[in-house]
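Terms are given their cut-offs where they come up.

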Amino acid sequence: MKLSEWARRNGVHYQTAWQWARDGKMPVPVVKTATGRYMVLDRTAEVTGRTVAYCRVSGTDQLAELDRQAARVVRAATAMGLTVTEVVGEVGSGMDGDRPKLARLLRDASVGVIVVERRDRLARFGLEQLSAALEATGRRIVVTDDTEAAESGAVAGARVDDELLRDMAEVLTSLCARLYGRRSAARRARAALRAAFEAA
């Protein structure tokens, strides 16, 4: 868990917890991630089941990044004391509910921990509800890098705007399909995006 969350749960000011972690005085095991954040290793909740790394990119043009993302996730999970037994890679939007590999992971009761690099790699929205549902069955989601990158998206050199634009196009297409029917939905969504950019 994040150091700030541990501090909140234990009634310790975050700055004090950060100094303890920096000075090696934490009363619980803590590791420093590659991004410089401190993560508290929760030894009270024993990990049951397999630990699986889930990696996702938005398009097939980003397949090379999928391998790099997998390497980063496995490295970070290992630093947290987790042993990854499988890496699952998938291509699809974070807004897309039809991701068969993720659905398989969520249905598989033998998977005790799902490790992702960033929250949006698993889902754009609703991660808190998904996490709560898994925790009710003794399973959990671990996010290795909970920072929001300002300039870099899922792909090195890509901007967050690029992925958000794809997601916005999918949302608009879905809404247009409900209003105007499926046949004209994509065309109307593109027109709405064009109008938004021209107005900006």
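I began with Thr-173, which I found in helix H7 (residues 160-180); helices here (H or I, at least four residues) and strands (E, at least two) are DSSP runs, numbered from the N terminus. The model is predicted, and I kept in mind that local features need pLDDT of at least 70, that side-chain atom pairs count only at pLDDT 80 or more, and that totals for chains, interfaces and linings use all residues. Residues are numbered from 1 along each chain as its sequence is written, and side-chain values use heavy atoms, with hydrogens and water left out.

I looked up the relative accessibility of Thr-173, which is 28%, so the residue counts as partly exposed (buried is under 20% relative accessible area, exposed over 50%, partly exposed in between, with a 1.4 Å probe and protein chains only). Leaving aside residues up to four places away in sequence, I noted that Thr-173 touches Ala-185, Ala-186 and Ala-189, where contact means heavy atoms within 4.5 Å. I also noted that Arg-187, 14 residues from Thr-173 in sequence, lies 8.2 Å from it, C-alpha to C-alpha.

Next I turned to the chain as a whole, which has eight helices and six strands, in the order α-α-β-β-β-α-β-α-β-α-α-β-α-α along the sequence. Of its 200 residues, 38% are buried, and among contacts between residues at least 6 apart in sequence, 61% join residues at least 24 apart.

Then I followed the strand pairing, where two strands pair if DSSP finds at least two bridges between them. Strand E3 (residues 50-57) has seven of its eight residues buried, so it is largely enclosed by the rest of the structure. I found E3 joined to strand E5 (residues 111-116) by four bridges, the two running parallel, with Arg-50 opposite Val-111 and Ala-53 opposite Val-115. E3 also pairs with strand E4 (residues 84-91), in the parallel sense over seven bridges, and there Tyr-54 has Val-88 as its bridge partner. From E3 the chain crosses through helix H3 (residues 63-79) to E4 in a right-handed β-α-β crossover, right-handed meaning that, with the strands pointing away from the viewer, the path from the first strand over the helix to the second runs clockwise.

For E5 I recorded that six of the six residues are buried, so this strand too is largely enclosed by the rest of the structure. E5 pairs with E6 in the parallel sense over four bridges, and Ile-114 stands opposite Ile-141 in E6.

Which residues touch the most other members of the largest nonpolar core? I listed Met-80, Leu-82, Val-115 and Val-142 out of its 16 residues; such a core is a set of buried Ala, Val, Leu, Ile, Met, Phe, Trp, Tyr and Cys residues joined through side-chain atoms within 4.5 Å. E3, H3 and E5 each supply at least two residues of this core, and H3 gives the most, with four. Apart from this core lies another, of 13 residues, including Val-52, Leu-122, Leu-134 and Ile-141.

My last entry concerns helix H6 (residues 127-135), whose buried residues are Leu-127, Ser-131 and Leu-134. Seen down the axis of H6, these fall within an arc of 65°, so they line one face of the helix, the arc being that of the directions from the helix axis to the C-beta atoms. Their cover includes helix H4 (100-107), E5, helix H5 (119-122) and strand E6 (140-143).
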